[in-house]
Amino acid sequence: MPDPGPAVVPPVRDARLDVLRGLALVMIFINHVPGTHWEGWTSRNFGFSDAAEGFVFMSGLAAGLAYSGGFRRAPFWPATTRVWGRAWTLILVHMTVTVIALGLTGAAALWFGLHEMTRINNVPPLLADPLAGFLGLALLSHQLGYMNILPLYAVLLAVTPALLIAALRVPLALVAVSVAVWLVAGSLRIAPPTWPVPSIWFFNPLSWQLLFVLGLVSGTAMKRGRRLVPVRRWLVVLSAAVVGCIMVWAIWDDLGARLNAGMFALRDTWLPDFLLDYDKTFVSGPRVLHFLALAYLLSALPAVRRACEHPAAWPLAVLGRHGLTVFALGTVLAFAGQAVKLAGLRVGLERDLLLDSAILVAGLGTQLAVAMVRERAAGRRRLGASPPPAARR
């Protein structure tokens, strides 16, 4: 087995990861309160992919940066326990958020008469058969609406030790295997089943692992001060052309309808359907193409780095640095926001800009406030762990 070589750690934390992850979290929160004016301005309206692809990719990137050092040489067990400990934390957070969301749903129905909340977000199976439903929640085989990413992330972290060992030694082979698994899963429609409702996981781990693995391999390369894909002028131009053409496709309704019809017609050929549609469960071909082009463009343009390092981007950076806390809190607040939207509909406030803005400001403001508290606490811990100047001398 070849020696993976010494780690070359970049001297300064890359601000792009924090800021772009924070931006993804903002868009996820907006999209999780459907029916507002602001959801029309999130990334999914300007391309085939959305913030979920970015979140999963950056989760892999962060895992590569955080954990790859422990898998360069044996023994691997100490590093493995760190990764699996994080996976267990994700499961605990997912369960906690699920219980709180169900509590909010019950409160909205019992105290405010918003019984519509019990008919959405995959809640009805729990009311129809509580014993089977709650067992399904415990087994992760039943997931509430908008609560599918953390189970996916936990499953991917469970296999991350093996992925990191491969990423450090045979990265291109790992990417090739990941692509093959994505193709087979999408072509044969293979995914973990759900229960008690017979279906499949909304975020299929066998498909979404492709984005996670690409992020993981990129993270291990960044840990050494390298890039997985070098910056090339022709690749930048090609990525910009792909992103630009897809944006026109997405926002020009008449042109988009014609192009969609042509693309969907190709599904009658020998090509697998998932390569020619917008299926999110299997991360279809157009979604992957758009995301890869966008990710490369954002990583290659110096203007993006400068923008992320600007002081004005600090709120997004703070959100991104405390992604798990922000995501969990945002999920709970999104359920509360849905209840507020339903209450607004009862009094004729359908798509009311003032109400939508209040939900957005209150939700994101609360997430930012909590992230700032976490940021200050983390800063105090770092200062407490540093030896005094006399000791350093």
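Helices here are DSSP runs of H or I with at least four residues, numbered from the N terminus. The model is predicted, so local features need pLDDT of at least 70 and side-chain atom pairs count only at pLDDT 80 or more, while totals for chains, interfaces and linings use all residues. Residues are numbered from 1 along each chain as its sequence is written, and side-chain values use heavy atoms, with hydrogens and water left out.

**Helix 7 and Thr160**

Helix 7 covers residues 160–169 and includes Thr160. Thr160 has a relative accessible area of 0% and is therefore buried (under 20% relative accessible area, with a 1.4 Å probe and protein chains only). Its side chain lies 2.8 Å from the backbone oxygen of Leu156. Contact means heavy atoms within 4.5 Å; apart from neighbours within four places in sequence, Thr160 has contacts with Val83, Phe212 and Leu216.

**Helix 3**

Helix 3 runs over residues 77–112, which is 36 residues. The expected span of a helix is 1.5 Å times one less than its number of residues. Gly113 follows helix 3 and has a positive phi, near 70 degrees.

**Empty space in the model**

Rolling a probe the size of a water molecule over the atoms shows where empty space is left. On a 1 Å grid over the protein atoms alone, a cavity is a set of points where a 1.4 Å probe fits but cannot get out; a pocket is an open set with protein on both sides within 12 Å along at least five of seven lines; lining residues have an atom within 4 Å of a point. Grid points are joined across faces, edges and corners, and a volume is the space filled by probe spheres set on the points. There are 4 cavities of 30 Å³ or more.

In the table, Ala, Val, Leu, Ile, Met, Phe, Trp, Tyr, Cys and Pro count as nonpolar, Asp, Glu, Lys and Arg as charged, and the others, Gly among them, as polar.

| Space | Volume | Lining residues by class |
|---|---|---|
| Second largest pocket | About 280 Å³ | 9 nonpolar, 3 polar, 4 charged |
| Largest cavity | About 50 Å³ | 6 nonpolar, 1 polar, 1 charged |

The second largest pocket holds about 280 Å³ of space. Its lining has 16 residues, of which Asn31, His32, Asp50, Tyr146 and Lys280 are the closest to the centre. Helix 1 (15–31) and helix 2 (51–67) each contribute at least two lining residues.

Phe29, Ile30, Val33, Thr36, Trp38, Asp356, Ile359 and Leu360 line the largest cavity.

How values were computed. Buried means under 20% relative accessible area, exposed over 50%, partly exposed in between (1.4 Å probe, protein chains only). A polar contact is a pair of N or O atoms within 3.5 Å; within protein, one must be able to donate a hydrogen and the other to accept it, and residues adjacent in sequence count only if both atoms are side-chain atoms.
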